[in-house]
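Reader: Before I set up any calculation on this chain, I would like to go through its architecture with you, one question at a time.

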Amino acid sequence: MEQNLSAITAPLLAWFAKNKRSLPWRQDKQPYHVWVSEIMLQQTRIEAVINYYARFMDALPNVASLAAVEDDALLKLWEGLGYYSRARNLKKAAQSIVTEHGGIFPNNYAQLRRLAGIGDYTAGAISSICFNERVPAVDGNVLRVLSRLTGSRANVLLPETKKAAIKRLQPIIPPQSGNFNEALMELGETVCLSNSAPACETCPLSEQCTAFREQLTTELPVRIKQQKRRSEKLTVLLLVTKNGQIALDKRPDGGLLPGMYQLPNVSGFLDATQINALLKTWDLLPHSIQPLKEAKHAFTHIHWFMHGWNIAVETPCDRFIWVSPQELDKYYALPTAFRKFLR
Ligand code: SF4
């Protein structure tokens, strides 16, 4: 990234002043609002986040309420957003703010960076948007815009590419640092799109853009995945009593989806005879064992391939928690991977 980027500041800020979207967390610059929205927006589209954000703020309107919330209630608010460690880290960080900062939100990058779940990007976003600290906030959108602007062929999936981008942006961050950072992100989300067709004709930076000038927009940014996802086969059991209660299990505290509820499942693909034998070991008497449609779910490093079975049982057993569909909806956070079998 050799090119001088300081020429982008004025057109970018002018474009943002005219085109910025009205979003719930932009109604004020309260760090709690910006923080929660930024964490939700990691890995999740804005349209999907808006409802979650409203529900979250209704239930947990400030740092103190987040610090005190029960884990199950928190995970229920997060249900369906995925990457549940984000919710756990929000609570952990809220507790640190209460105990170590007297409930006052830290107002600078260095202190924010020390809170659970707050990395370079989020610390940069909160400190610039809420406190006008002159630091960059580089997320995937910003990296894409920078790669195209500068014609960089560095792999944007590597941490060193992000570090280089932060270093590159630092000297050109203007006093309106929050607007500058938000403008770059917004440009990436609405104009310099991640597919192969960015809207260069409406882009305020087309004059400065190497990819536009040299017709490289379809080639940039370079994304080379380093790691392949591991595959796991699972047999998932939707166990339902004659009263309509559904069996739930709790996952262990470590590993994937720690402490979340799940439908009972075992690794590998079992057939009806094997399932019957398994049910016996759980003291369950099945009336019927019917296959459900297959499903898959991708996590960061693992791909689950799941065979589901709908099993009617006479009465519950002690091994599981048995809940009505209404209780499940209201109180139990069930990851999307398992919800696929409830539809
Ligand atoms: S001109 Fe096109 S490729 Fe360059 S920053 Fe703008 S939208 Fe992206």
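This is a predicted model: local features need pLDDT of at least 70, side-chain atom pairs count only at pLDDT 80 or more; totals for chains, interfaces and linings use all residues.

Reader: How many nonpolar, polar and charged residues does the shell around the ligand have?
Author: There are 14 residues around the ligand, and those that come nearest are Cys192, Cys200, Cys203, Cys209 and Phe212. Cys and Phe both belong to the nonpolar class. Sorted by class, the whole shell has 11 nonpolar, 2 polar and 1 charged residues.

Reader: Which element gives the largest share of the shell around the ligand?
Author: Two elements give two or more residues to the shell around the ligand, namely α12 (210-213) and α9 (140-150). The largest share, 3 residues, comes from α9.

Reader: What is the overall make-up of the chain, and what part of its 343 residues is buried?
Author: The secondary structure comes to 15 helices and 8 strands, and the C-alpha atoms fill a box of roughly 70 × 50 × 30 Å along the principal axes. Among contacts between residues at least 6 apart in sequence, 70% join residues at least 24 apart. With a residue counted as buried when 20 or more other C-beta atoms lie within 10 Å of its own, the buried part of the chain is 33%.

Reader: How far apart do the C-alpha centres of domain 1 and domain 2 lie?
Author: The domain assignment gives domain 1 as 6-213 and domain 2 as 230-339. Contact between them involves 9 residues of domain 1 and 7 residues of domain 2, and the side of domain 1 that touches domain 2 has 3 nonpolar, 2 polar and 4 charged residues. The C-alpha centres of the two domains are separated by 36 Å.

Reader: Which residues does Leu184 touch, not counting residues up to four places away in sequence?
Author: Leu184 is one of the buried residues of helix α11, and the buried residues of that helix pack against α1 (9-19), α8 and α9. Once the residues up to four places away in sequence are set aside, the residues that Leu184 touches are Leu12, Val142 and Val145.

Reader: Is Leu257, a residue with a positive phi, buried or exposed?
Author: Leu257 has a phi of about 45° although it is not a glycine, and it lies in the loop between β2 (246-250) and β3 (261-262). Asn132, in the loop between α8 (120-131) and α9, has a positive phi as well, near 55°, and with 14 other C-beta atoms within 10 Å it is partly exposed. Leu257 has 20 C-beta neighbours inside 10 Å, and therefore it counts as buried.

Reader: Which two residues does a cis peptide bond join?
Author: The bond has an omega of about 0°. Its proline lies in the loop between α12 and β1 (230-241). The two residues joined are Leu220 and Pro221.

Reader: With which residues is Asn276 in contact, leaving aside its neighbours within four places in sequence?
Author: Asn276 is placed in helix α13 (residues 272-281) and is partly exposed, with 14 other C-beta atoms within 10 Å. Its C-alpha atom is separated by 36 Å from that of Leu77, which is 199 residues away along the chain. Beyond the neighbours within four places, the contacts of Asn276 are Pro286 and Ile289.

Technical notes
Residues are numbered from 1 along each chain as its sequence is written. A residue is near a molecule or strand if its C-beta atom, placed from the backbone, lies within 6 Å of it. Helices (H or I, at least four residues) and strands (E, at least two) are DSSP runs, numbered from the N terminus. Domain bounds come from an automatic or database domain assignment. Two residues are in contact if their C-beta atoms, placed from the backbone, lie within 7 Å. A residue is buried if 20 or more other C-beta atoms lie within 10 Å of its own, exposed if 12 or fewer, and partly exposed in between; C-beta atoms are placed from the backbone.
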